[in-house]
Structures are given as C-alpha cells and as structure tokens.
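Please look through the sequence and the model below before reading on.

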Amino acid sequence: MSSPLILVNFKSYREGAGNNAGQIAEAAEIIMQESGVTIGVAPQFVELHPFCKHYEIPVYAQHIDAVEGAFTGRIPAFTVRAAGCTGSLINHSERRLTIADIEACVGAAKFNHLESVVCTNNAAVSAASAAFAPTYVAVEPPELIGSGISVAKANPDIIRNSVEAVKRVNPDVMVLCGAGIQSGECVKTAIDLGASGVLVASSVVKAKDPEAVLRDLVSLL
Ligand code: G3P
C-alpha cells in the first residue's frame, strides 16, 4: 500500500512567502525523509519552479487553468508540468470553479501527466467529482477551514461518507480530507475512516515551528 499523503497548502498566507516558505519546504523534506510519509507542498505560484528544483518533495500548484494561448494571467496545466510539479489542486474552497471547469481541469492535468486533487465541500460533490476520475478528491467542510477545529473531530461523518460515495463511483480515486487538521490524532482518524491522507494549511504554515507540527502530523502513522 502506498504512503498516505500530507499535502500542505501555503495559500496566500504571508507566512507562506519568501524565506519562510523555504523553511516550511525544508521541514517537509526533513520529515518526509525521517518518516517515509509523503509530504507534498502547494506553495504560491512564483515558488513552483524553484521549489521543484531545490527540494526532494512533491510540489503541487494551488490551481490550474485548462487554457493555452492568449490568456493573460492564467496558469496553464502544461506550465505547471514544465515547472516540474507533481500535480495541482483544483476547485479549492477559496478558488471555486464550475463543474464544467473542474472536468476540463482534471482533463488538462491528465493530459499533462499531473496528479489532480479536486476539492469538494460535501459527500455529494465528492461523488460528482469522482466521476471525472481525478487522482484524489479532497473533502473540506468550508466552515471548518482555518477555524482550528478539526474535521476529524467535528465532522468525521463527512470523511466516512465521502470515502463511501467516491469509492462507489470509482474505487481508484483516493480521498483526502482537510479543514482544521492539526495533530497526529487528526491524521490517524482520517486514515482510519478510509482517507488516503490530509490537506492542511494554517496549522503548518502559520506555526512558529513547522517542523515540529509536521513531525506530530506523521507521528501515529
Ligand atoms: O487547503 C487546505 C485548507 O483549506 C485547510 O485549511 O487552515 O483549515 O488547515 P486549514
């Protein structure tokens, strides 16, 4: 069985920029080597290429666009691939897309050999997204995002129900969960409920010591 994925989203947090971003990536690399658990990062766009060059960890974009050509300010999937990325988030709660856009972005990711992580807000949307056969569906109840209240404690049913719903549509699609993830216990609960990992942001990116938080996140795996 492959390793669970801990995917750290830097969002547009100030703490996720510049030198601080590098320190978080370095911490991810150390903990991944130490634990054998896959730790991916989704840094801000300008960091994608340098991060891919510099760190031995999977790097994901926070968003892609299914476009090519005269589209100023967009993020083509092939550019993300050319930067050396492993994959991309699609339809994050803070970057919602239409269902047609989600399908097009998953298609663009596949075409460019990128993993796709489609974010959803509930089990029904998780099931709908699974129909596009992304690599992962990542369920995150929006009201818990950035709240410090863990989905694993406050709403384990959404994880259980999403896993069931996704596997019914396509057993090959893996499920991540996120929102308020902050400890090894949250990660263990998610895995016990059938998830293949977690999507996490503030508890790592805003931490005084991101390495210590990452070490705790993998501690019960
Ligand atoms: O992308 C992960 C994110 O939306 C969860 O945020 O701060 O609750 O870990 P946070």
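An oxygen atom of the ligand has a backbone N or O atom of G146 at 2.7 Å, which falls under the polar contacts, meaning pairs of N or O atoms within 3.5 Å, where, within protein, one atom must be able to donate a hydrogen and the other to accept it, and residues adjacent in sequence count only if both atoms are side-chain atoms. Of the 310 Å² of accessible area that the ligand has on its own, the protein covers 100%; accessible areas come from the Shrake-Rupley method with a 1.4 Å probe, and for residues only the protein chains shown count as cover. The residues around the ligand include N9, K11, H92, I145, A179, G180 and L199, where being near the ligand requires a heavy atom within 4 Å of it.

This is a predicted model, in which local features need pLDDT of at least 70 and side-chain atom pairs count only at pLDDT 80 or more, while totals for chains, interfaces and linings use all residues. Residues are numbered from 1 along each chain as its sequence is written, and side-chain values use heavy atoms, with hydrogens and water left out.

Most residues other than glycine have a negative phi. K11, however, has a positive phi near 45°, and A179, also not a glycine, has a positive phi of about 110°. K11 belongs to the loop between strand 1 (5-9) and helix 1 (18-35), whereas A179 sits in the loop between strand 7 (174-178) and helix 8 (184-192); helices (H or I, at least four residues) and strands (E, at least two) are DSSP runs numbered from the N terminus. K11 is buried, at a relative accessible area of 10%, and A179 is buried at 5%, where buried means under 20% relative accessible area, exposed over 50%, and partly exposed in between, with a 1.4 Å probe and protein chains only.

Which residues of helix 5 (residues 123-130) are buried? They are A123, S126, A127, S129 and A130, and, seen down the axis of helix 5, they fall within an arc of 165°, so they line one face of the helix; the arc is that of the directions from the helix axis to the C-beta atoms. These buried residues pack against strand 5 (115-120), strand 6 (136-139) and helix 7 (156-169), with contact meaning heavy atoms within 4.5 Å. At the start of helix 5, the backbone nitrogen of A124 has a side-chain oxygen of N122 within 3.1 Å.

In strand 5 lies S116, which counts as buried at 1% relative accessibility. Leaving aside residues up to four places away in sequence, S116 touches S88, I90, V106, A109, P134, T135 and Y136.

Turning to the chain as a whole, there are 10 helices and 8 strands. Of its 221 residues, 53% count as buried, and among contacts between residues at least 6 apart in sequence, 66% join residues at least 24 apart. The C-alpha atoms fill a box of roughly 45 × 40 × 30 Å, taken along the principal axes.
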